[in-house]
Amino acid sequence: MDTEYKHGLGNYQQMRRLVLAVLVAVLFLALLFGQSTFPPDTPVHESIEMFGVLLIFLGIVGRLWATLYIGGRKSSEVVTGGPYSITRNPLYVFSTVAAAGVGAQIGSFSGIILFAVLCAGAFHIVILREEKFLKEALGAPYADYLARVPRFFPKLALYQEGDTGSFKPRLLLTTLLDGLVFLIALPAFELIDGAQLSGMLPVWFRLP
């Protein structure tokens with residue numbers, strides 16, 4: 001059962017990475033032909049971009065924090081400390097925060113909301129399937145955890161430090177490399193802005 005469990009869990013972790021990569025790629029391609037109603041090099045546009053940079057780094061750091069707790073232990077126990085004490089899916093939450101930061105690189109408030117909503121929606125489907133699997137694999141302790149901790153939106157009042165257990169540094173590196181997909185947005189959108197300003201790329205729609 002343990003080998004079967006680890007194999008099934010690995011499939012969900014791979015699904016999470018795939019969903020994340022596909023979302024960023026699709027939204028990036030869509031915004032090749034979109035622009036903010038706030039022109040590049042204006043204070044509002046630049047401020048939104050900088051806010052997005054902060055969200056991206058917050059998302060990456062949050063994902064690393066979650067990995068410190070879950071890395072190497074998800075296959076053997078219900079992790080309830082640190083970020084897992086306030087939300088059952090901190091990796092998805094922080095990935096959504098980082099995705100919102102990617103959306104901000106278009107210099108648009110709508111981009112922030114659009115990226116966050118689409119990312120959270122896609123992850124919601126994965127979360128439901130993962131929860132069904134974990135209920136069967138972990139039994140009563142996980143059922144109790146489901147009853148106490150919110151699925152997505154963190155409840156800070158529940159925070160408990162907990163411990164990181166037997167952490168595997170390799171998993172932290174994997175999470176860091178996964179997070180680098182968000183940083184690609186920074187130079188990519190600068191190139192898109194330049195191409196649109198020069199007329200190399202057409203602007204088909206604008207977002208406020």
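View 1. The elements run α-β-α-α-α-α-α-α-β from the N terminus on, which comes to seven helices and two strands. Helices (H or I, at least four residues) and strands (E, at least two) are DSSP runs, numbered from the N terminus. This is a predicted model, with local features needing pLDDT of at least 70 and side-chain atom pairs counting only at pLDDT 80 or more, while totals for chains, interfaces and linings use all residues. Residues are numbered from 1 along each chain as its sequence is written, and side-chain values use heavy atoms, with hydrogens and water left out. Among contacts (heavy atoms within 4.5 Å) with a separation of 6 or more, 83% join residues 24 or more positions apart.

**View 2. Helix α2 against helix α7.** Helix α2 (residues 43-70) packs on helix α7 (residues 185-198) at about 160°, with the axes 12 Å apart. Axes here are lines fitted to C-alpha atoms over the stretch in contact, and angles run from 0 to 180 degrees between N-to-C directions. The pair is therefore roughly antiparallel (over 145 degrees). On the α2 side, H45, E49, V53 and I56 make the contact, and on the α7 side L186, E190 and D193 do. Sorted by type, that is three nonpolar, one polar and three charged residues.

**View 3. The cores.** Here a nonpolar core is a set of buried Ala, Val, Leu, Ile, Met, Phe, Trp, Tyr and Cys residues joined through side-chain atoms within 4.5 Å. The largest one has 24 residues, and L31, Y92, V102, F182 and F189 touch the most other members. Helices α1 (2-30), α2, α3, α4 (109-138) and α7 each supply at least two residues of this core. Leaving aside neighbours within four places in sequence, V102 is in contact with I56, F115, F182, A185 and F189. A second, separate core of 14 residues includes Y69, Y84, F133 and L146.

**View 4. S85 in its loop.** S85 sits in the loop between α2 and α3 (90-104). At 5% relative accessibility, S85 counts as buried. Skip the neighbours within four places in sequence, and S85 is in contact with T80, V149, L158, Y159 and Q160.

**View 5. F51 on helix α2.** F51 belongs to helix α2 and is partly exposed, with a relative accessible area of 43%. G107 is 56 residues away along the chain, and the C-alpha atoms of F51 and G107 are separated by 9.6 Å.

Methods: Parallel < 35°, antiparallel > 145°, perpendicular 65-115°, else oblique. Nonpolar A, V, L, I, M, F, W, Y, C, P; charged D, E, K, R; others polar. Buried < 20%, exposed > 50% of the residue type's maximum accessible area, 1.4 Å probe, protein only.
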